[in-house]
Amino acid sequence: MNILRTTSFLTVLLLSRLCVLADDLGKIISTTEVAVDTMRELQTQAVQKVHADWGYWGSQPDRYSTWVNHSNRLIPLYTFGVTLDKLRQAGSVYAAADRLEKLYGRVPEGTLIADSPEFAKCPYFDQTDVYQLQRQAIEDGKTRIILIVFDGMDWNSTYNAALYQNGKVTYSGGRGNGLVFQDYRGTQTDYGYFVTSPRLAKCKTDVDAQTVLGGDKPATGGYDPRRGGFAPEQAAPHKEYLMGLDREQSHTVTDSAASATSMTAGIKTYNGSINFDVDGNPVETIAHRLQRDRGFAIGVVTSVPISHATPACAYAHNVSRDDYQDITRDLIGLPSAAHKRDPLPGVDCLIGCGWGEQQKKPGGQGTNFVAGSEFYVEADLDRVNVDSGGKYVIARRTPGSAGADVLRDAASDAIKNHHRLVGVFGAADGHLPFATADGRFDPALDVKGEAKYSSDDVRENPILAEMATTALDYLQHDPDGFWLMIEAGDVDWANHANNIDSSIGAVFSGDKAVKAVFDWIDARGDWDRTAVIVTADHGHYFCLKDAEAIAAANSKP
């Protein structure tokens, strides 16, 4: 009997303990359930329902996604260590017919607005003025020029990210607050916005001959603020205009190549051009001039493939943005389709992506295409590797190794032994893993599906901020100075996919890189010789209906 009683007591005690454990587990599960990723849910539901009360992509408010391409929205411009005062004093190109004709080859219809009373209140610049700003910084004695390009980030993308970051609506126009590049005041800073329209739509080209073919050229560019808006936060009076679909005023929408060429070479050109003008002539970039005339070190950093349009325009020449392998050859100083006999010197530091992407057919590339990596040729990297007598220390994504460590070790070797540096990383589609609004790497469902990243994808790749600081650590050793482009390319990819969660996460990833750059400069007290320009190359077409919904997705008590 005593044994039975003891057994019964132990049974009751065990059951009691199990109930306590179950209650604790229930609390854990309940807590986990409360911590919902609201932004991810908003994106997922919008795609599944084909509708969202809080916003939409395109010109149809009742459908969440009807436009996955670029737009010609006015683009925000933030400067640090240099102001826009001299540009303001010179006056906008859009107020002078002769300057417009020089820029576009004509005065585009609806683009000259000197007599508009609205313009006097809301003046805007041109994208080529980003190039002029860099030249101005050099003339002012700056020897460290850093151009940070958030590919595809218009004012609206910035606003969404700031809403989520702030957890409440704190502004509705202008510079804004909440993000590092909006709030930083460690040096003189300024804010403005500009037109991105190209000179021509995409032209036919021959990549082997590196010529722009004759014949009819498609619709030309221009910007009509009466249809597109006088300020970036203003909704377009004509919804179809910014997409190039306005039948009454059809101005061509830019691509990343034409827009980046405007910022690096200071000209308007055709969509798809990598530093070629509309007549088929290669043009010098500011990096070429600084490298040749002042001995500057040149750096290019990107979160997407190294030979994509924006990083390509930092230095390469090609009549077509699709000729990836030849673009990479220009970047690392090898003979290319554009420079067969007299190759460019090459950049000093190139850190980006493209690792692991294989292609058997050339696509838009020339007859010298080599099957294998779409964006570069492994044999080309081997050829420039210091192990083969070349100039570059090569860092690649390495299975089992942390990407930040691989890159840092290669940079240390390059610095110690006075070599150049190349880093090639990436995951699916050749870019870094996409971070979402909450900082995780779990993109929600969008119009292109649902991207998946492994733990290895995340660990074996550095983040953009680490790439940026590594490049700065390397470039600072040049006594003459340096020019550096940093591209947060994932904003564009997220916006093409109509993914608001990934778009916000991409802006945050780029903003972390901006903070890393500012921290690096502050730690050295280097603002007296440094100028930083933070901007984008073009816009997309997300239209926000309910700002409170985005803010509430990350609301703070």
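Me: Why is Asp442 called partly exposed?
Reply: Asp442 has a relative accessibility of 22%. Buried means under 20% relative accessible area, exposed over 50%, and partly exposed in between (1.4 Å probe, protein chains only). Asp442 therefore counts as partly exposed. This is a predicted model, in which local features need pLDDT of at least 70, side-chain atom pairs count only at pLDDT 80 or more, and totals for chains, interfaces and linings use all residues. Residues are numbered from 1 along each chain as its sequence is written, and side-chain values use heavy atoms, with hydrogens and water left out.

Me: Where does Asp442 sit, and what makes its link to Thr436 a polar contact?
Reply: Asp442 is in the loop between β13 (420–425) and α16 (455–459). Helices (H or I, at least four residues) and strands (E, at least two) are DSSP runs, numbered from the N terminus. The side chains of Asp442 and Thr436 are joined at 3.1 Å. A polar contact is a pair of N or O atoms within 3.5 Å; within protein, one must be able to donate a hydrogen and the other to accept it, and residues adjacent in sequence count only if both atoms are side-chain atoms. At 3.1 Å, the Asp442–Thr436 pair therefore qualifies.

Me: Which residues does Asp442 contact, setting aside neighbours within four places in sequence?
Reply: Arg40, Phe434 and Thr436. Contact means heavy atoms within 4.5 Å. As for Tyr453, 11 residues apart from Asp442 along the chain, the two C-alpha atoms are separated by 7.2 Å.

Me: Why is Glu450 classed as partly exposed?
Reply: Its relative accessible area is 35%, so Glu450 falls in the partly exposed class. Glu450 also lies in the loop between β13 and α16. Its side chain makes a polar contact with the side chain of Arg40, at 3.1 Å. Beyond residues up to four places away in sequence, Glu450 touches Arg40, Pro443, Ala444 and Leu445. The C-alpha atoms of Glu450 and Thr44 are 9.8 Å apart, although 406 residues separate them along the chain.

Me: How do you know whether Asn275 is buried or exposed?
Reply: The relative accessible area of Asn275 is 0%, so Asn275 is buried. Asn275 lies in the loop between α10 (256–265) and α11 (286–294).

Me: Which backbone oxygens does the side chain of Asn275 reach?
Reply: Those of Cys313 and Ala316. The backbone oxygen of Cys313 lies 3.1 Å from a polar atom of the Asn275 side chain. For the backbone oxygen of Ala316, the distance is 2.7 Å. Leaving aside neighbours within four places in sequence, the contacts of Asn275 include Thr261, Asn281, Tyr315 and His317.

Me: Why is Val517 called buried?
Reply: At 0% relative accessibility, Val517 is buried. Val517 belongs to helix α19. Not counting residues up to four places away in sequence, Val517 touches Ile146, Ile148, Ala468, Leu472, Ile486 and Val532.

Me: What makes the phi of Gln210 and of Asn498 worth a look?
Reply: Most residues other than glycine have a negative phi. Phi of Gln210 is near 55°, a positive value. Phi of Asn498 is also near 55° and positive. Gln210 is in the loop between β6 (205–206) and β7 (211–212), and is buried at 8%. Asn498 lies in the loop between α18 (490–496) and α19, and is buried at 1%.

Me: What makes a space a cavity, and how many of 30 Å³ or more are there?
Reply: On a 1 Å grid over the protein atoms alone, a cavity is a set of points where a 1.4 Å probe fits but cannot get out; lining residues have an atom within 4 Å of a point. Points are joined across faces, edges and corners, and a volume is the space filled by probe spheres set on the points. The count is one cavity of 30 Å³ or more. The largest cavity holds about 30 Å³. Its lining includes Trp57, Asp154, His540 and Phe542. Helices α7 (155–166) and α19 (500–524) are the elements that give two or more residues to this lining.

Technical notes. 1 Å grid on protein atoms, 1.4 Å probe; cavity = no way out; pocket = protein on both sides within 12 Å on 5 of 7 lines; lining within 4 Å.
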